[in-house]
Amino acid sequence: MSISARVRSGLSAVTPVAACLAFAFWIYYAIQRQVAGPLNSDEIYFAHILWLIHAGKRQYVDFFSQHLPTYFQLLQPLVAALSKSPTDLNYVWGARAISALVIVSYLALAAWVHRRAAPEAGRAGLLATAASMLVFVVLARMVEVRSDTLGLLLMNAAWAIVLGGRTAVRAASGATLAGLAILFAPRAAGMAGILGLTLLVLALRARDGASVRGLLYVAGGFAAAAVGLYLAAPDWVALVVRSCFVEPVKFATAFPYFRRFLAGDRIPLVLLLALGAVGGLRLAHGSRREQGILVSAACIGQLLILCADPAPFEYVYGWAALPAVFGIVSMSRLVAVSVPFLFAMALVGLSASFILLNGHQPPTLSPLRLSFDATISREDVARLPTPALIALVVGDQGQQNLENQLRIRSELCRRVRGTVMASFGTNPLCLPDTLYVWSGGVRLPAIAVGDPQAPGSMTWPKFEAAFLRASPEVFIWADRWEPPHALLHRTRQMLACCYDVHDGFAIRRDEGRGSQAVP
């Protein structure tokens, strides 16, 4: 037997094992981060908005929000159904159950990709396709308690429909799902436009009048719905447009191109998109020309979107997840298996290296954290003094576990009667905030040594007056995960009258009882 034949034989034997290991790792990693793991800062924001709306607050009017209302109105009944009191955070588990269902949906889409792109790859190919899809799902943060989650699922489902073959029904259905995705994530508009234009070009080239008419009907339907909504509620539509599209521009900070393409958490996603584009171009030059054009248009369009979007967060990389996986899987079974397997081994290796070098686990929510924290009992949480509870909220210690995170925050909410003023990511979820500085609507002046004076920040006299007028029960200025900095002299003076100051936060004194417990 020749050397090349032996290599091929060896790879054939190893490939199924590698596919099984890759799938096992990525399904565990997805559950660990997106179902049973703690909420990240963005998820805290979205979960708190659900709580506020259930409490009777009006989005855009009673609190600043820069997201469309579709997601919140759809999920808001979870709070009433699962939470028995304002301090009961069980509704978060309901939102995470939806995350689990979305992961299952992506696995179903992966099975469809396997059947359409490379059915001859067998079970190893199926597992590899699912693992590749999960790489996108996890690294691009495509499944979280956030509105973009449903927009991403709809967009990728639209790609699945149109990749199944060109018919008028498929074209119209795919375009409809892409349009609906925009209701959950306005950033989906760019990829929806790419999908619609590509379908229109393909239909025109094939003289497929039915598909052209279907696409135009869908576009006209959405346009008519938008006009009708504006005519029915012009003031509300103007408020939504101003809150979601105009005001956020004032606070937008453009990402450097290095961060978009070469940052450690972005490189795998860029490589997947590039491989998907290569696979699509190969298909376009073969017997599956239209599928190849759709795949390459999606992947190349996604890379262009990353250049055009001023702040492409991780989820922005996921609009073309399914076409990218389709292109990768179509190349060969070896490529399909190698990609998720090598990424998994890299993560395991980096995590092990961190533990060996530092002598402890990576911090909570670090992508290198592969294990859970032990559960903290309700009794242990109840025995903690209030400053210790707030310190846990700020530092995230022991909270690589959603149950611990919610238990600590729920106990804090039971003790605090008034409002809080919290930094991004440290809101307790079940308490109203005084200014909601963390939602992007307000920017504070410098509070501690080293704080930057961001453009558009409140002046100190205005902030001091608002703070003393609101007199929040708890004031958290420390950023999540970062060691707290020393307060500026003016901040200490402001707090001296009525607050006990701790590292990164202060608690209002209540009738001389100090800060050991806020009833």
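Biologist: What makes the link of Cys413 and Cys430 right-handed or left-handed?

Modeller: Look at the S-S bond. The angle about the bond is 95 degrees, and the link is right-handed. Keep in mind that this is a predicted model.

Biologist: Why is the pair Cys413 and Cys430 called a disulfide?

Modeller: Their sulfur atoms lie 2.0 Å apart. The cut-off is within 2.5 Å, so the pair counts as a disulfide.

Biologist: Which parts of the chain does the pair link?

Modeller: Distant ones. Cys413 sits in helix α19 (residues 402-415). Cys430 sits in the loop between β1 (420-421) and α20 (460-470). The two cysteines are 17 residues apart.

Biologist: Is Cys413 buried or exposed, and how do you know?

Modeller: Cys413 has a relative accessible area of 4%. Buried means under 20%, so Cys413 is buried. Cys430, with 3%, is therefore buried by that cut-off.

Biologist: What makes Cys497 and Cys498 a disulfide?

Modeller: Their sulfur atoms are 2.5 Å apart. The cut-off is within 2.5 Å, so the pair counts. The angle about this S-S bond is -100 degrees, and the link is left-handed.

Biologist: Why is Cys498 called partly exposed?

Modeller: Cys498 has 30% relative accessibility.

Biologist: How many disulfides does the rule give?

Modeller: The count is 2 disulfides. With the bonded cysteines numbered in sequence order, the pairing is 1-2, 3-4.

Biologist: How do you know that Cys307 is in no disulfide?

Modeller: The nearest cysteine sulfur, that of Cys299, is 14 Å away. A disulfide needs sulfur atoms within 2.5 Å, so Cys307 is in none.

Notes
Residues numbered from 1 in each chain as written. Predicted model: local features only at pLDDT ≥ 70, side-chain atom pairs only at ≥ 80, totals over all residues. Heavy atoms only, no water. Helix = DSSP H or I, 4+ residues; strand = E, 2+ residues; numbered from the N terminus. Buried < 20%, exposed > 50% of the residue type's maximum accessible area, 1.4 Å probe, protein only.
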